[in-house]
Every structure is written in C-alpha cells, then in structure tokens.
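Reader: I would like to go through the salt bridges in this model. Please show me the sequence and structure.

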Amino acid sequence: MKWAGAVTVEMQNTGDPGLQREVAATIEHALVDRPGDWRVSIIGSQANDRWEMKIIGPNAFERSYTLEGSSGEHRPEMLPLFQ
C-alpha cells in the first residue's frame, strides 16, 4: 500500500479567483501521490506582477521561485512542479 501525505496550498494577493483555484488544483494534482506532507505558499505582490512561490516537503525539501506574470509564469501549466 502506498501512502500519500497531505498537500496544503496557500495563496495570497494573486488576483483572479478562478486562476487561483486552477493553480491550487494543479499543485494538489502534482503533489497528491508523493509521500509526505507538502506545503506550497504563493504570495503575490501588490506593487508588480510577481508571485513568490515556496514549496516545502519531506526530507528537508525546500524550493523557492519568483514567477513573473508578464512571462506567463502564473499559468498553471508553467508552474515549476518537478518538471
């Protein structure tokens, strides 16, 4: 039996609620079958179109990314999730 942990996605100041739901669903889908607990935080800036994304997982896994909206990096298919 394979055990998958929990996935928590927090998003703040990211604008469009529809896009926010789509991004959260994409993240959950990418991580749900991976073992351990995962926490993803995306904080948007009110001053520009950048999002700061942080992924924390088991075994001290931690990654941070800056996502530029003008470069299309806010689109769910462009998220840096183990690609």
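This is a predicted model: local features need pLDDT of at least 70, side-chain atom pairs count only at pLDDT 80 or more; totals for chains, interfaces and linings use all residues.

Reader: How many salt bridges does the structure hold?

Author: The structure holds three salt bridges.

Reader: Why is the contact of Arg50 with Glu68 called a salt bridge?

Author: The closest N and O atoms of Arg50 and Glu68 are 2.6 Å apart. The cut-off is within 4 Å, so the pair counts.

Reader: What does the pair Arg50 and Glu68 tie together?

Author: Arg50 lies in strand E3, residues 50-56, and Glu68 in strand E4, residues 62-68.

Reader: What makes Arg50 partly exposed?

Author: Its relative accessible area is 36%. Buried means under 20% and exposed over 50%, so Arg50 falls in between.

Reader: Why do Lys54 and Glu62 count as a salt bridge?

Author: Their side chains meet at 3.3 Å, N to O.

Reader: What makes Arg75 and Glu77 a salt bridge?

Author: The N to O value is 2.8 Å. It is within 4 Å, so this pair qualifies.

Reader: Why is Glu77 called exposed, but Arg75 partly exposed?

Author: Glu77 is at 51% relative accessibility, and exposed means over 50%. Arg75 is at 41%, so it stays in the partly exposed class.

Terms used. Residues are numbered from 1 along each chain as its sequence is written. Side-chain values use heavy atoms; hydrogens and water are left out. Helices (H or I, at least four residues) and strands (E, at least two) are DSSP runs, numbered from the N terminus. Buried means under 20% relative accessible area, exposed over 50%, partly exposed in between (1.4 Å probe, protein chains only).
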